[in-house]
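Welcome to a short tour of a protein model.

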Amino acid sequence: SFRKAMIALFVAAMVWMPQMAKAASSIGISIGTCGANGSNNCTAYFNSSTNCLTIRGTGAMNDYPYDAVSAPWHAVSALNYKYCNVVTEIVVEDGITRIGNNCFHDFPNLTKVTLGSDVQYIGEAALCNNSNLARIIFSYTKDLLVVGQDAFFGNTSLLYVYGKCTYNNCIYSNNFSKLELAPAAMDYPIV
């Protein structure tokens, strides 16, 4: 009967919804797609409890003009603030291969960035002018092939970069287990 079907649907929803809410709450809410050329292969999520911006998906992220506000994290939230102004951590998950030009610049409260193991390209000015960025963690299992011009420029608080980075002339340790202490405001190599 209709009533039994509705009760079964309600019970199923009550079991399923908390599990989905728990999974969604750990990563946050979707604030938009950020795949290359407008594709939806990458999605940005913001967790307001941790002020963490997470990029999840596969393939390349979009390139953005430096002065543009078209990236999802430059949008104004329902609480009337720009996500980029409150983000303290960025996590680019495994599966993302390219961080586009000008992706994560001018985040005034950003202190930590973790890059997934599949990132092989960091675009021009991709992580520049983040004055409080102190740590970048590379999770590489593949070689970092390209670091764009001014990719890390203007990060005056950047002290530690961890992980394996095999980009020629990039900052890396001889044993590839931990990157060496990077001087603040270091001018990284340009491609």
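A residue counts as buried if its relative accessible area is under 20%. By that cut-off, 40% of the 191 residues in this protein are buried. Please keep in mind that the model is predicted.

**The overall fold**

The secondary structure amounts to two helices and 11 strands. Going along the sequence, these elements follow the order α-β-β-β-β-α-β-β-β-β-β-β-β. If you take the contacts between residues at least 6 apart in sequence, 47% of them join residues at least 24 apart. The protein has an accessible surface of about 9900 Å², and carbon and sulfur atoms account for 57% of that surface.

Is His105 buried or exposed? His105 is buried, because its relative accessible area is 4%, under the 20% cut-off. You will find His105 in the loop that links strand E6 (96-99) with strand E7 (112-115). Its side chain comes to 3.0 Å from the backbone oxygen of Tyr66. Once neighbours within four places in sequence are set aside, the contacts of His105 are Tyr66, His74, Ala125, Ala126, Cys128 and Asn130.

Thr156 and Asn130 are 26 residues apart in sequence, and their C-alpha atoms are 7.7 Å apart in space. Thr156 belongs to the loop between strand E10 (146-147) and strand E11 (160-162). With a relative accessible area of 46%, Thr156 is partly exposed.

**The aromatic rings**

How many aromatic pairs does the structure hold? There are four. One of them joins Tyr64 and Trp73 in an edge-to-face arrangement, with 5.9 Å from centre to centre and 75° between the planes. Both Tyr64 and Trp73 are buried. These two residues also belong to one aromatic cluster, together with Phe104 and Phe107.

A further ring worth a look is that of Tyr45. Arg56 lies over the face of Tyr45, at 6.0 Å from the ring centre.

Terms used:
Residues numbered from 1 in each chain as written. Predicted model: local features only at pLDDT ≥ 70, side-chain atom pairs only at ≥ 80, totals over all residues. Heavy atoms only, no water. Phe/Tyr/Trp six-rings, centres within 6.5 Å; stacked < 30°, edge-to-face > 60°. Buried < 20%, exposed > 50% of the residue type's maximum accessible area, 1.4 Å probe, protein only. Lys NZ or Arg CZ within 6 Å of the ring centre and 35° of its normal. Helix = DSSP H or I, 4+ residues; strand = E, 2+ residues; numbered from the N terminus. Polar contact = N/O pair within 3.5 Å; in protein donor to acceptor, adjacent residues only side chain to side chain. Contact = heavy atoms within 4.5 Å. Areas by Shrake-Rupley, 256 points an atom, 1.4 Å probe, with all protein chains shown as cover.
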